[in-house]
Amino acid sequence: MSGLCSERVAIVTGAGRGLGRAHALALAAEGAKVVVNDLGVGLDGTGSGTGPAQLVVDEIVARGGQAVAHGGDIATTEGAASLIRVAVETYGRLDTLVNNAGFLRDRMLVNLGEDDWDAVMRVHLKGHFLPLKYAAAHWRAEAKAGRAPAARVVNTSSGAGLLGSVGQGNYSAAKAGIIGLTLVAAAEMGRHGVLVNAIAPAARTRMTEATFAETMAAPDTGFDAMAPENVSPLVVWLGSAASAGVTGRVFEAEGGRITVMEGWRPGPTADKGARWSPAGAGEAMLKLLAKARVPEPVYGAR
């Protein structure tokens with residue numbers, strides 16, 4: 001390996017399995033000291049246990065790397081604050097935060113319970129906000145003390161957050177919110193030496209194996225496009241000092257493909273210079289829509 005993250009300290013949330021595990025191993029392979037966070041919950045967010053995090057730590061150490069486990073709930077103030085403390089107290093610094101933790105509770109909207117909405121919003125959106133908040137406070141203090149960091153944050157959105165996904169209203173809304181949070185954090189924290197980006201990965205994990213079983217199946221031979229390890233090289237680069245100048249961006253990553261997502265941009269516009277009538281607004285809108293790009297289909301739409 002190139003040692004791209006040599007001497008850097010990285011946190012990865014939800015790193016006991018799937019994408020998070022792949023990111024933690026890849027960061028460690030490039031020289032990072034890694035705080036492996038995982039609450040050890042089931043696919044639906046229930047239960048707990050530090051076993052998965054410790055297994056990843058053991059794997060990193062067996063390969064000659066350095067890592068420590070953190071089993072706190074990063075969607076709570078204490079859990080998120082302690083996550084940052086573990087990095088700083090164990091390794092003396094923090095350079096990279098990879099927000100990855102999440103789970104699913106899929107339902108069609110008419111069957112989606114309030115508890116299922118709140119639980120998914122909590123782990124995905126609040127579970128991004130709180131670690132980011134405490135990491136940002138640490139980095140701001142470092143910058144004010146004259147120790148300007150080369151800090152990096154990699155948030156985890158999804159194609160569902162970009163396009164929507166049938167049966168995943170809570171998940172799609174949370175993942176779209178993460179993109180908004182990423183843009184605000186990039187704008188606020190840039191002056192303190194913190195760069196913030198988001199990825200929208202497609203890979204085989206516990207969440208996607210059940211939802212998109214046929215698409216996510218591993219091939220018998222050849223390149224395994226859905227292996228989570230395919231996403232991690234981009235995460236490692238974004239988490240390294242080499243990504244200087246890259247912030248406020250969203251990237252899709254799938255197999256061997258990386259795409260810069262261009263987000264919402266103004267399309268065809270009509271300006272009357274005065275208030276529209278409803279009929280006039282409708283007539284103008286139909287003309288504008290005829291000129292506009294057709295939106296991408298929502299995942300799972302029939």
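Me: In which strand is Pro201 found?

Reply: This is a predicted model, in which local features need pLDDT of at least 70, side-chain atom pairs count only at pLDDT 80 or more, and totals for chains, interfaces and linings use all residues. Residues are numbered from 1 along each chain as its sequence is written, and side-chain values use heavy atoms, with hydrogens and water left out. Strands (E, at least two residues) and helices (H or I, at least four) are DSSP runs numbered from the N terminus. The run of residues 194-202 holds Pro201, and this element is strand 6.

Me: Which term applies to Pro201, buried or exposed?

Reply: With a 1.4 Å probe and protein chains only, buried means under 20% relative accessible area, exposed over 50%, and partly exposed in between. Pro201 has a relative accessible area of 16%, and therefore Pro201 is buried.

Me: With which residues is Pro201 in contact, leaving aside its neighbours within four places in sequence?

Reply: The C-alpha atoms of Pro201 and Glu254 are 5.9 Å apart, although 53 residues separate the two in sequence. A contact requires heavy atoms within 4.5 Å. Beyond four places in sequence, Pro201 has as its contacts Leu19, Thr156, Ser157, Val231 and Ala253.

Me: What is the relative accessible area of Asn100?

Reply: Asn100 sits in the loop between strand 4 (96-98) and helix 4 (114-144). Leaving aside neighbours within four places in sequence, its contacts are Thr13, Gly14, Leu19, Gly20, His23, His128 and Thr156. Asn100 is classed as buried because its relative accessible area is 11%.

Me: The backbone oxygen of which residue lies 3.0 Å from a polar atom of the side chain of Asn100?

Reply: A polar contact is a pair of N or O atoms within 3.5 Å; within protein, one must be able to donate a hydrogen and the other to accept it, and residues adjacent in sequence count only if both atoms are side-chain atoms. At 3.0 Å from a polar atom of the Asn100 side chain lies the backbone oxygen of Gly14.

Me: About how much space lies in the largest pocket?

Reply: On a 1 Å grid over the protein atoms alone, a pocket is an open set of points where a 1.4 Å probe fits, with protein on both sides within 12 Å along at least five of seven lines; lining residues have an atom within 4 Å of a point. Grid points are joined across faces, edges and corners, and the volume is the space filled by probe spheres set on the points. For the largest pocket, that space is about 1200 Å³.

Me: Which residues that line the largest pocket are the closest to its centre?

Reply: Helix 5 (159-163), helix 6 (169-189), strand 7 (250-254) and strand 8 (257-261) each supply at least two residues of the lining. Of the 27 lining residues, the closest to the centre are Leu162, Glu262, Gly263, Trp264 and Arg265.

Me: What is the relative accessible area of Glu7?

Reply: Glu7 is in the segment before strand 1. Although not a glycine, Glu7 has a positive phi of about 75°. Glu7 counts as exposed because its relative accessible area is 54%.
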